[in-house]
Amino acid sequence: MTLSALEVSHLKQAPAVEGVLPAVLNRWSPRSFADRDVSTTDLKKLFEAVRWAPSSYNEQPWRFLVGTRNSITYKKIFDALLPFNQGWAGKAPVLILGAAKTKFTHNEGPNGFAFYDLGAASAYLVLQAVEIGLSTHQMAGYDQAAARASLGIPENFTLGAVIALGYQGEPAALINQQLLAQEIAPRERKPLSDFVLSAWGEPANLA
Ligand SMILES: Cc1cc2nc3c(=O)[nH]c(=O)nc-3n(C[C@H](O)[C@H](O)[C@H](O)COP(=O)(O)O)c2cc1C
(Lines give C-alpha, C1' and ligand atoms only; values in the text may rest on other atoms or scores of the structure.)
Protein backbone atom coordinates (compact mmCIF):
# COMPACT_ATOMS: atom_id res chain seq x y z
CA MET A 1 0.00 0.00 0.00
CA THR A 2 1.29 3.44 -0.85
CA LEU A 3 -0.20 6.85 -0.33
CA SER A 4 -3.02 8.06 -2.58
CA ALA A 5 -2.63 11.05 -4.90
CA LEU A 6 -4.66 13.16 -2.46
CA GLU A 7 -2.59 12.10 0.54
CA VAL A 8 0.62 12.90 -1.31
CA SER A 9 -0.60 16.31 -2.41
CA HIS A 10 -1.27 17.13 1.26
CA LEU A 11 2.09 15.78 2.34
CA LYS A 12 3.87 17.87 -0.30
CA GLN A 13 2.30 21.16 0.75
CA ALA A 14 4.70 23.65 2.26
CA PRO A 15 3.78 24.66 5.83
CA ALA A 16 1.33 27.54 5.69
CA VAL A 17 2.77 30.98 6.26
CA GLU A 18 0.14 33.69 6.49
CA GLY A 19 0.08 35.87 3.40
CA VAL A 20 2.16 33.58 1.19
CA LEU A 21 0.41 32.78 -2.09
CA PRO A 22 -1.44 29.43 -1.89
CA ALA A 23 -0.08 28.43 -5.32
CA VAL A 24 3.45 28.81 -3.97
CA LEU A 25 2.70 26.60 -0.99
CA ASN A 26 0.86 23.97 -3.02
CA ARG A 27 3.17 23.61 -6.02
CA TRP A 28 5.35 20.53 -6.17
CA SER A 29 6.73 18.39 -8.96
CA PRO A 30 5.01 15.03 -9.40
CA ARG A 31 6.28 12.26 -11.64
CA SER A 32 2.97 10.42 -11.82
CA PHE A 33 0.53 12.05 -14.23
CA ALA A 34 -3.11 11.06 -14.73
CA ASP A 35 -4.39 9.92 -18.11
CA ARG A 36 -6.25 13.17 -18.69
CA ASP A 37 -5.62 15.81 -21.34
CA VAL A 38 -5.22 19.51 -20.66
CA SER A 39 -7.77 21.68 -22.46
CA THR A 40 -6.67 24.37 -24.87
CA THR A 41 -8.55 26.85 -22.68
CA ASP A 42 -6.36 25.92 -19.72
CA LEU A 43 -3.17 25.95 -21.77
CA LYS A 44 -4.03 29.44 -22.87
CA LYS A 45 -4.44 30.56 -19.25
CA LEU A 46 -0.89 29.43 -18.49
CA PHE A 47 0.53 31.45 -21.32
CA GLU A 48 -1.60 34.48 -20.44
CA ALA A 49 0.16 34.38 -17.06
CA VAL A 50 3.53 34.07 -18.83
CA ARG A 51 2.70 37.10 -20.98
CA TRP A 52 2.62 39.30 -17.93
CA ALA A 53 5.97 38.23 -16.51
CA PRO A 54 8.54 41.03 -16.23
CA SER A 55 11.62 41.02 -18.45
CA SER A 56 14.70 43.11 -19.08
CA TYR A 57 13.78 45.99 -21.47
CA ASN A 58 10.39 44.28 -21.71
CA GLU A 59 12.00 42.11 -24.39
CA GLN A 60 9.87 39.08 -23.47
CA PRO A 61 12.63 36.83 -24.87
CA TRP A 62 10.86 33.60 -23.98
CA ARG A 63 9.40 31.15 -26.45
CA PHE A 64 7.59 27.96 -25.46
CA LEU A 65 7.28 24.99 -27.79
CA VAL A 66 4.18 23.11 -26.72
CA GLY A 67 3.79 19.44 -27.54
CA THR A 68 0.46 17.82 -26.80
CA ARG A 69 0.15 14.04 -26.64
CA ASN A 70 0.45 12.34 -30.05
CA SER A 71 1.82 15.45 -31.75
CA ILE A 72 5.14 15.51 -33.58
CA THR A 73 6.42 18.22 -31.24
CA TYR A 74 5.59 16.07 -28.20
CA LYS A 75 7.50 13.14 -29.69
CA LYS A 76 10.52 15.29 -30.50
CA ILE A 77 10.67 16.71 -26.98
CA PHE A 78 10.14 13.27 -25.44
CA ASP A 79 12.83 11.70 -27.62
CA ALA A 80 15.35 14.28 -26.38
CA LEU A 81 14.73 13.46 -22.70
CA LEU A 82 17.35 11.42 -20.89
CA PRO A 83 16.28 7.90 -19.93
CA PHE A 84 15.77 8.77 -16.24
CA ASN A 85 13.14 11.29 -17.30
CA GLN A 86 11.68 9.20 -20.12
CA GLY A 87 10.90 6.63 -17.44
CA TRP A 88 8.01 8.75 -16.17
CA ALA A 89 7.48 11.87 -18.31
CA GLY A 90 5.75 10.04 -21.18
CA LYS A 91 2.57 9.88 -19.10
CA ALA A 92 2.28 13.66 -18.99
CA PRO A 93 -0.17 14.85 -21.66
CA VAL A 94 1.86 17.98 -22.47
CA LEU A 95 5.59 18.53 -22.82
CA ILE A 96 6.84 22.09 -23.17
CA LEU A 97 10.32 23.29 -24.06
CA GLY A 98 11.35 26.83 -23.08
CA ALA A 99 13.83 28.89 -25.07
CA ALA A 100 15.03 32.48 -24.84
CA LYS A 101 16.32 34.88 -27.49
CA THR A 102 19.81 35.94 -26.52
CA LYS A 103 19.90 39.23 -28.43
CA PHE A 104 17.77 42.30 -27.87
CA THR A 105 15.40 43.12 -30.70
CA HIS A 106 15.89 46.89 -30.36
CA ASN A 107 19.68 46.91 -30.96
CA GLU A 108 20.79 43.31 -31.61
CA GLY A 109 23.02 43.65 -28.52
CA PRO A 110 23.51 40.66 -26.21
CA ASN A 111 20.73 40.14 -23.69
CA GLY A 112 22.59 38.81 -20.68
CA PHE A 113 19.33 38.40 -18.81
CA ALA A 114 17.39 36.38 -21.40
CA PHE A 115 17.81 33.16 -19.43
CA TYR A 116 16.82 34.94 -16.22
CA ASP A 117 13.66 36.19 -17.94
CA LEU A 118 12.84 32.71 -19.26
CA GLY A 119 13.15 31.42 -15.69
CA ALA A 120 10.80 34.12 -14.43
CA ALA A 121 8.29 33.35 -17.19
CA SER A 122 8.50 29.65 -16.37
CA ALA A 123 7.85 30.41 -12.71
CA TYR A 124 4.70 32.27 -13.73
CA LEU A 125 3.66 29.25 -15.80
CA VAL A 126 4.15 26.69 -13.03
CA LEU A 127 2.36 28.81 -10.43
CA GLN A 128 -0.54 29.58 -12.75
CA ALA A 129 -0.81 25.84 -13.38
CA VAL A 130 -1.39 25.23 -9.65
CA GLU A 131 -4.11 27.86 -9.61
CA ILE A 132 -6.14 25.84 -12.14
CA GLY A 133 -5.45 22.39 -10.70
CA LEU A 134 -2.58 21.41 -12.96
CA SER A 135 0.84 20.05 -12.05
CA THR A 136 4.21 20.64 -13.66
CA HIS A 137 7.62 19.02 -13.45
CA GLN A 138 10.57 20.87 -14.94
CA MET A 139 13.52 18.93 -16.36
CA ALA A 140 17.09 19.81 -17.21
CA GLY A 141 17.74 16.16 -18.01
CA TYR A 142 17.49 16.21 -21.79
CA ASP A 143 19.84 16.36 -24.73
CA GLN A 144 19.85 20.02 -25.72
CA ALA A 145 21.66 19.50 -29.02
CA ALA A 146 19.20 16.79 -30.04
CA ALA A 147 16.21 18.95 -29.11
CA ARG A 148 17.62 21.98 -30.92
CA ALA A 149 18.25 19.94 -34.07
CA SER A 150 14.96 18.05 -34.19
CA LEU A 151 12.86 21.10 -33.32
CA GLY A 152 14.79 23.50 -35.56
CA ILE A 153 15.61 26.01 -32.81
CA PRO A 154 18.04 28.70 -34.07
CA GLU A 155 21.41 29.24 -32.39
CA ASN A 156 20.46 32.70 -31.15
CA PHE A 157 18.04 31.07 -28.70
CA THR A 158 19.28 29.48 -25.50
CA LEU A 159 17.34 26.50 -24.18
CA GLY A 160 15.64 26.29 -20.80
CA ALA A 161 13.95 23.37 -19.12
CA VAL A 162 11.46 20.90 -20.49
CA ILE A 163 8.22 21.17 -18.51
CA ALA A 164 5.94 18.17 -18.14
CA LEU A 165 2.36 19.38 -17.60
CA GLY A 166 -0.81 17.57 -16.67
CA TYR A 167 -2.91 16.38 -13.75
CA GLN A 168 -1.28 14.64 -10.81
CA GLY A 169 -1.66 10.87 -11.01
CA GLU A 170 -1.73 8.09 -8.44
CA PRO A 171 1.73 7.38 -6.99
CA ALA A 172 1.05 3.64 -7.30
CA ALA A 173 1.08 4.04 -11.08
CA LEU A 174 4.86 4.53 -10.86
CA ILE A 175 6.28 1.07 -11.30
CA ASN A 176 9.85 1.97 -10.44
CA GLN A 177 10.48 1.84 -6.66
CA GLN A 178 12.90 4.77 -6.69
CA LEU A 179 10.40 6.98 -8.50
CA LEU A 180 7.71 5.93 -6.06
CA ALA A 181 9.94 6.75 -3.08
CA GLN A 182 10.63 10.22 -4.52
CA GLU A 183 6.95 10.76 -5.21
CA ILE A 184 5.94 10.27 -1.58
CA ALA A 185 9.00 11.85 0.08
CA PRO A 186 8.47 15.10 2.02
CA ARG A 187 9.81 18.25 0.33
CA GLU A 188 12.89 19.86 1.85
CA ARG A 189 14.21 23.39 1.71
CA LYS A 190 17.09 25.42 3.10
CA PRO A 191 16.29 27.82 5.94
CA LEU A 192 16.01 31.53 5.07
CA SER A 193 19.25 32.17 6.99
CA ASP A 194 21.16 30.27 4.29
CA PHE A 195 20.19 32.62 1.48
CA VAL A 196 18.84 35.89 2.84
CA LEU A 197 21.86 37.96 3.80
CA SER A 198 22.38 41.35 5.34
CA ALA A 199 26.04 41.26 4.22
CA TRP A 200 27.93 38.54 2.32
CA GLY A 201 28.09 35.51 4.60
CA GLU A 202 25.82 37.07 7.23
CA PRO A 203 22.22 35.93 7.54
CA ALA A 204 19.71 38.76 7.58
CA ASN A 205 17.74 39.06 10.78
CA LEU A 206 14.13 38.48 9.74
CA ALA A 207 12.88 37.52 13.20
C1 LIG B 1 15.56 23.78 -13.91
C2 LIG B 1 15.09 22.50 -13.28
C3 LIG B 1 15.56 21.30 -13.74
C4 LIG B 1 15.08 20.09 -13.20
N5 LIG B 1 15.47 18.90 -13.76
C6 LIG B 1 14.87 17.75 -13.38
C7 LIG B 1 15.09 16.54 -14.10
O8 LIG B 1 15.78 16.49 -15.12
N9 LIG B 1 14.46 15.43 -13.66
C10 LIG B 1 13.65 15.43 -12.54
O11 LIG B 1 13.11 14.39 -12.21
N12 LIG B 1 13.41 16.58 -11.85
C13 LIG B 1 13.99 17.74 -12.25
N14 LIG B 1 13.71 18.92 -11.59
C15 LIG B 1 12.78 18.93 -10.45
C16 LIG B 1 13.51 19.25 -9.15
O17 LIG B 1 14.24 18.14 -8.73
C18 LIG B 1 12.47 19.72 -8.11
O19 LIG B 1 11.88 20.91 -8.54
C20 LIG B 1 13.11 19.92 -6.73
O21 LIG B 1 13.56 18.69 -6.22
C22 LIG B 1 12.14 20.53 -5.74
O23 LIG B 1 10.99 19.75 -5.64
P24 LIG B 1 9.55 20.40 -5.83
O25 LIG B 1 9.52 20.99 -7.24
O26 LIG B 1 8.59 19.24 -5.71
O27 LIG B 1 9.38 21.44 -4.80
C28 LIG B 1 14.18 20.12 -12.12
C29 LIG B 1 13.73 21.36 -11.64
C30 LIG B 1 14.16 22.52 -12.21
C31 LIG B 1 13.61 23.84 -11.71
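Colleague: Is Asn156 buried, partly exposed or exposed?
Modeller: In this predicted model, Asn156 sits in the loop between H7 and S4. Buried means under 20% relative accessible area and exposed means over 50%. The relative accessible area of Asn156 is 33%, so Asn156 is partly exposed.

Colleague: Which residues does Asn156 touch, not counting those up to four places away in sequence?
Modeller: Asn156 belongs to the loop between H7 and S4. Once residues up to four places away in sequence are set aside, the residues that Asn156 touches are Ala100, Lys101 and Thr102.

Colleague: What distance separates the C-alpha atoms of Asn156 and Leu174?
Modeller: Along the chain, Asn156 and Leu174 are 18 residues apart.

Colleague: How far apart in space are Gly133 and Pro154, C-alpha to C-alpha?
Modeller: Gly133 is placed in the loop between helix H6 (114-131) and S3, and it is partly exposed, with a relative accessible area of 45%. In sequence, Gly133 and Pro154 are 21 residues apart. Their C-alpha atoms are apart in space by 34 Å.

Colleague: How many Å lie between an oxygen atom of the ligand and an N or O atom in the side chain of Arg189?
Modeller: A nitrogen atom of the ligand is 2.8 Å from a polar backbone atom of Ala140. For Arg187, a polar side-chain atom lies 2.9 Å from a ligand oxygen atom. For Arg189, the distance from an N or O atom of the side chain to an oxygen atom of the ligand is 2.8 Å.

Colleague: Which element gives the largest share of the largest nonpolar core?
Modeller: This core has 22 residues, and Trp88, Leu95, Leu97, Met139, Tyr142, Val162 and Ala164 touch the most other members. Two or more residues come from each of helix H4 (72-80), H5, strand S2 (94-101), helix H7 (144-151) and strand S4 (157-166). The largest share is 4 residues, and it comes from S4.

Colleague: How many residues are in the other core?
Modeller: Trp88 is among the residues that touch the most other members of the largest core. Beyond four places in sequence, Trp88 touches Pro30, Arg31, Phe33, His137, Met139, Ala164, Leu174 and Leu179. Another core lies apart from the largest one; it includes Leu43, Val50, Ala100 and Ala114, and its size is 20 residues.

Colleague: Which residue is joined to Glu59 by a polar contact between side chains?
Modeller: Glu59 lies in the loop between helix H3 (40-51) and strand S1 (62-68). With a relative accessible area of 13%, Glu59 is buried. Leaving aside neighbours within four places in sequence, Glu59 is in contact with Lys101, Lys103, Phe104, Thr105 and Asn111. The polar contact between side chains is 2.7 Å, and the partner of Glu59 is Thr105.

Colleague: Is Tyr57 buried or exposed?
Modeller: Tyr57 is in the loop between H3 and S1. Its phi is near 60°, a positive value in a residue other than glycine. The relative accessibility of Tyr57 is 64%, so Tyr57 counts as exposed.

Colleague: What is the phi of Glu108?
Modeller: Glu108 lies in the loop between S2 and H6. At 48% relative accessibility, Glu108 counts as partly exposed. Glu108 is not a glycine, yet its phi is positive, at about 60°.

Colleague: How far apart in space are Ala204 and Ser193, C-alpha to C-alpha?
Modeller: Ala204 is found in the segment after strand S6 (202-203). Not counting residues up to four places away in sequence, Ala204 touches Val196, Leu197 and Ser198. Ala204 and Ser193 are 11 residues apart in sequence, and their C-alpha distance in space is 6.6 Å.

How values were computed:
Residues numbered from 1 in each chain as written. Predicted model: local features only at pLDDT ≥ 70, side-chain atom pairs only at ≥ 80, totals over all residues. Heavy atoms only, no water. Polar contact = N/O pair within 3.5 Å; in protein donor to acceptor, adjacent residues only side chain to side chain. Buried < 20%, exposed > 50% of the residue type's maximum accessible area, 1.4 Å probe, protein only. Contact = heavy atoms within 4.5 Å. Core = buried A, V, L, I, M, F, W, Y, C linked by side-chain atoms within 4.5 Å.
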